[in-house]
Amino acid sequence: MTSTPYKKLIGERKIRLMILHPGKSSDPITCHLTRVDLDMSLKYDALSYEWKKDKGLTNITCGSTSLTVTRNLAIALRALRHPASPKVLWADAICINQGDKKEKSKQIPLMRDIYATAKSVLIWLGPSFRGVASAFEVLPYLAMVGVERHPTGKPDTERLEDILAGSITERPKHGSIIQSQTDLLFVTHDRDSILWHTIKRRPELDDDAIFRFDDYEAWTAIDKLFGDSYFQRSWIIQEVAVAEAVYVVCGSHSTYWDIFRMAFEGRSKLAFPLPKVDNATELQSYIPCVRDARVRYRDYENPRCLDLGIVLTSFSYAKETDPRDRIYAALGIVKPQTLCQDIVPDYNKSIEEVFCEAASHIIRLRKDLYLWSNKTLMSRRTMPKLPSWVPEWTMESCEEALEFALPEFSQYLSGNPAIQGNALFVDGHLLDEIETIYAIEDENNVFELVIKLEEWLKQRDKSMFGAYYGDFQTLAGRTMSGSPTASDRLREENNSEASQLLSRFQNVPPILADIIRHTAVEAGHPLDSRQLNIEALWSTLTAVFNRRRKVPKPLGYHLFLAMLYMLPRLAWTQGNVQGRLPKGFSVWIMVAACLFLDKTKLDLLKEIFNAHFKRYDEFGHMLIEDHFFVTKKGIFGRAPAEAVKQGQVVAILGGAYVPYLLEKRESHYKLISHAYVEGMMSIESCPTDWKVDRIEIR
């Protein structure tokens, strides 16, 4: 045998195709390679698969050479070959000389076109296993459920009607989960022809016969297929996203990608318990990410295809053997590729060099800091040599970093970013330094925070009912004088709140009812038009809820804030509140104290308190743990508990989509984490008196 099956590829668009020789299942795998021009009219199938080196290696015969491949690839070739005729395939491990880094650097930029030009792309999910045969029989019916539950028929994360499509929480007592009584026609196409596939409705069968709910092996196999690690591969984005026709193959079983992904949609809508299936385990799958990539990147004209920074966000969930592939796999999607001509795949470069090169390219092209997205949390980094401004794209994502990201926020300041060596220079405003940090894990933490924050404010001659320093009006240098219009509005709000409370709770003692009726704000209080510290505190604690749920405040907002202030004081036997407070809070605190002391009215207090407090803890289980911080000047915010520390600087950086925490070094700063800053997330313009500094980040 010759030492290598590879002959030199001459020409910018030359590739190799594999001719898989026919054979029986027990025959050795043999093939040969042919060199072709990618711009020719070619007919071949492209294989998309996981290498899975950990599952072992084996040898096949390629031409007259013994070629080492992964066992998973060999099993795929054995399953795909015809018994009597050759099959033309493209598989990276065979068609690219993996031992020639120079060739790899030239072939990788062609991979998008290789998969886009293929007659079809074959997703290989491995050999058959128990339950797979039955699973592939159930998948078409799950696809029917998926289609019915998504009115557009094309689910992706940008369609509101799909996002809001309801789950099926229980099996119908009469009839079927599938509402339609007619067959479902799927239409797709490959490079040569339109492909039709009809799913027969079979109305004569009940759901137990159609979906096989009692078949533990079938449903275990279904969930295993949807959760296959294949869907986390970096290269899948361009391999599947750009293909004309895609088939999902497992052993000898196959189905169209459109049926498979709609079956996943149907499976995800079945929210009722399945017999014998581990219903406690939530179905985890990255199929929606692949599905959305096909929507986004098949069209060359899509603006997303012009931006490496945007393309890389589609890879945030991906895994790869070589971290450099995170960048190189994304390059193939960017069109025209001249936009990224300064990035040439080179596996001789270190991971840090590749990441720095990509980050520099994105910043220079976009002129903002969009690339930071969910890959900047310093506490999760594993590459100490990487500059902090360069995303560690392979780190564990922090999706919460995107919670408050807004394009408008990035435009408040012009960053004028520039890169010199390992340093990023950007214009920004250093807002303030963090002085104290509080845990906010549960209700007890919140009550403790109220007490400690009150103490902190008192030490600085401030109060919970004083003006919040982070109010944009203060930052803009505006006056704190009261506003007659604001007082009128507050009087109307308080009277409305009082009327609603008395209407809802009619058994309030007459004296207390009379107090509630007279909650009118005394006109002309200097702080009537300002955000108060107690309001800023609660707004910070409920920031996630307020961002996700655009709903009115529950009944009794001012009474709730009074309770939030008074209940821990009563429990800790703190002193009394003195003086006239803004916004009618003197009366509301009196009402809260009276209701608390009247034990027969605790249910009333509890109902009002819980209605508001659930805004704080509703999304707590979905988020990374945050801590509440206060800066030296009295600005409130929240940031990941694993990253925020005393002494860090809160910065508003030009071109950044959220505020960030920086850590001061001798001559530069280090990027630490995203942050939420109360009063700064929805400003319309920067205060005119802000000092803009040229900030160096390394």
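Six helices each contribute at least two residues to the lining of the second largest pocket: H17 (472–475), H18 (484–504), H20 (533–541), H21 (543–548), H22 (557–571) and H24 (602–617). The structure is a predicted model. Helix H11 (residues 287–297) is largely enclosed by the rest of the structure, because nine of its 11 residues are buried. Strand S3 (residues 45–48) is covered on both faces, and the disulfide count is zero.

**Second largest pocket**

- The volume of the second largest pocket is about 1,200 Å³.
- Its lining consists of 42 residues, and those nearest the centre of the pocket are Gln531, Ser539, Asn546, Lys553 and Glu678.
- Helix H18 provides the largest share of this lining, with six residues.
- By residue class, the lining of the second largest pocket comprises 14 nonpolar, 13 polar and 15 charged residues.

**Helix H11**

- The buried residues of H11 are Ile287, Pro288, Val290, Arg291, Asp292, Ala293, Arg294, Arg296 and Tyr297.

- S3 pairs with strand S6 (residues 87–90) in the parallel sense over two bridges, and Leu89 of S6 is the bridge partner of Asp45.
- S3 also pairs in the parallel sense with strand S7 (residues 120–124), here over four bridges, and Ile123 of S7 stands opposite Ser48.

**Cysteines**

- A disulfide is a covalent bond between the sulfur atoms of two cysteines.
- The structure contains zero disulfides by the distance rule applied.
- Cys62 takes part in no disulfide, since the nearest cysteine sulfur, that of Cys31, is 3.8 Å away, whereas a disulfide is defined by sulfur atoms within 2.5 Å.
- Cys62 is buried, with a relative accessible area of 0%.
- Cys356 has a relative accessible area of 16% and is therefore buried, the cut-off being under 20%.

Conventions
Residues are numbered from 1 along each chain as its sequence is written. This is a predicted model: local features need pLDDT of at least 70, side-chain atom pairs count only at pLDDT 80 or more; totals for chains, interfaces and linings use all residues. Side-chain values use heavy atoms; hydrogens and water are left out. Buried means under 20% relative accessible area, exposed over 50%, partly exposed in between (1.4 Å probe, protein chains only). Two strands pair if DSSP finds at least two bridges between them. On a 1 Å grid over the protein atoms alone, a cavity is a set of points where a 1.4 Å probe fits but cannot get out, and a pocket is an open set with protein on both sides within 12 Å along at least five of seven lines; lining residues have an atom within 4 Å of a point. Grid points are joined across faces, edges and corners, and a volume is the space filled by probe spheres set on the points. Ala, Val, Leu, Ile, Met, Phe, Trp, Tyr, Cys and Pro count as nonpolar, Asp, Glu, Lys and Arg as charged, and the others, Gly among them, as polar.
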